[in-house]
Amino acid sequence: IPNGTFLAGITRARHMSNMRADGIKVHETVLSFDDFHAADEVFLSGNMMKVTPVKAFDDTQYQIGPMTRRVREMYWDWAAMRKFMVVLDDSRECLNAMRFAAMRASNSGGGVVVLSVIPPDEFNHWIGVAEVMREEARERIEVHFEVFAKWMRDRLNVEPALVIREGVIVDEIINQLADDPEVGVLVLGAGTDKKSGPGPLVTQLSRNAGSLPVPITIVPGDM
């Protein structure tokens with residue numbers, strides 16, 4: 001951005017990509033007060049609301065016009081084809097994130113990807129023993145996953161997919177996002193403990209949010 005003051009956010013980039021694909025000319029520039037007073041429509045882009053119409057600037061009034069509606073429509077058409085990714089673990093935060101992702105997928109026509117990461121130090125044994133332990137770990141994950149999967153199928157008619165990776169959890173989340181371009185949102189659950197904060201996973205990934213290819217939705221622990 002010419003003046004270096006705007007956040008080059010993921011949602012903003014998605015809007016511009018959608019508009020260009022739709023044949024709309026997109027021009028990035030610094031706007032003056034006169035530009036805002038002369039505009040037919042103004043909307044804000046953000047991760048929470050995606051498209052927020054602006055109704056007034058000083059004494060200038062705006063209508064929610066065809067461009068604002070079209071940008072919003074294109075975003076949700078794009079989102080409907082996307083998948084929500086959730087990380088599977090034993091925490092209560094995981095339960096909240098699973099429920100949120102499944103409900104969003106059901107409402108938008110999207111899908112759910114459940115990622116489980118096995119730590120690398122879990123198999124530091126003799127090769128034969130390590131293979132047995134690896135297979136047992138995968139079986140435990142599949143049983144755990146099936147509990148959530150059955151609820152999603154029965155309650156929301158959503159068929160989730162399970163992905164199991166081995167490695168450092170943050171690295172493998174980033175790798176999975178890179179490997180699956182259909183994932184549109186990473187859903188994480190936040191803890192409620194005031195001493196430990198939202199949890200190590202939320203803390204680490206929030207620091208890297210600007211470099212991730214998709215936005216993060218953080219579900220409050222008391223939701």
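**Close-up views of a predicted model**

**View 1. Strands S6 and S7 run parallel and are joined by 6 bridges.** In this predicted model, strand S6 covers residues 111–118. One of its residues, isoleucine 118, stands opposite glutamate 166 in S7. In general, the strands of a sheet pair through backbone hydrogen bonds, and the pairing may be either parallel or antiparallel.

**View 2. Five strands make up an open sheet with parallel pairing.** The order of the strands across the sheet is S7-S6-S5-S8-S9. Strand S7 (161–166) and strand S9 (216–219) are the edge strands, each of which pairs on one side only. On average, neighbouring strands of this sheet are turned by 30° against each other, direction ignored.

**View 3. The largest pocket holds about 1500 Å³ of space.** The pocket is lined by 36 residues, and the closest to its centre are Arg12, Leu31, Phe43, Leu44 and Ser45. At least two residues of the lining come from each of helix H1 (10–21), helix H2 (33–38) and strand S1 (43–46). Helix H1 provides the largest share, 6 residues. By residue class, the lining of this pocket consists of 21 nonpolar, 9 polar and 6 charged residues.

**View 4. Phenylalanine 33 and phenylalanine 57 form a tilted aromatic pair.** A search of the whole structure finds 2 aromatic pairs, and this view presents one of them. A pair of aromatic rings is described by the distance of the centres and the angle of the planes. For phenylalanine 33 and phenylalanine 57, the distance is 5.9 Å centre to centre, with 45° between the planes. The pair links distant parts of the chain, as the two residues are 24 residues apart. Phenylalanine 33 belongs to helix H2, whereas phenylalanine 57 lies in strand S3 (residues 56–57).

Note on methods:
Residues are numbered from 1 along each chain as its sequence is written. This is a predicted model: local features need pLDDT of at least 70, side-chain atom pairs count only at pLDDT 80 or more; totals for chains, interfaces and linings use all residues. Side-chain values use heavy atoms; hydrogens and water are left out. Two strands pair if DSSP finds at least two bridges between them. Helices (H or I, at least four residues) and strands (E, at least two) are DSSP runs, numbered from the N terminus. Axes are lines fitted to C-alpha atoms, for helices over the stretch in contact, and angles run from 0 to 180 degrees between N-to-C directions. On a 1 Å grid over the protein atoms alone, a cavity is a set of points where a 1.4 Å probe fits but cannot get out, and a pocket is an open set with protein on both sides within 12 Å along at least five of seven lines; lining residues have an atom within 4 Å of a point. Grid points are joined across faces, edges and corners, and a volume is the space filled by probe spheres set on the points. Ala, Val, Leu, Ile, Met, Phe, Trp, Tyr, Cys and Pro count as nonpolar, Asp, Glu, Lys and Arg as charged, and the others, Gly among them, as polar. Rings of Phe, Tyr and Trp (its six-membered ring) pair if their centres lie within 6.5 Å; planes under 30 degrees apart count as stacked, over 60 as edge-to-face and the rest as tilted.
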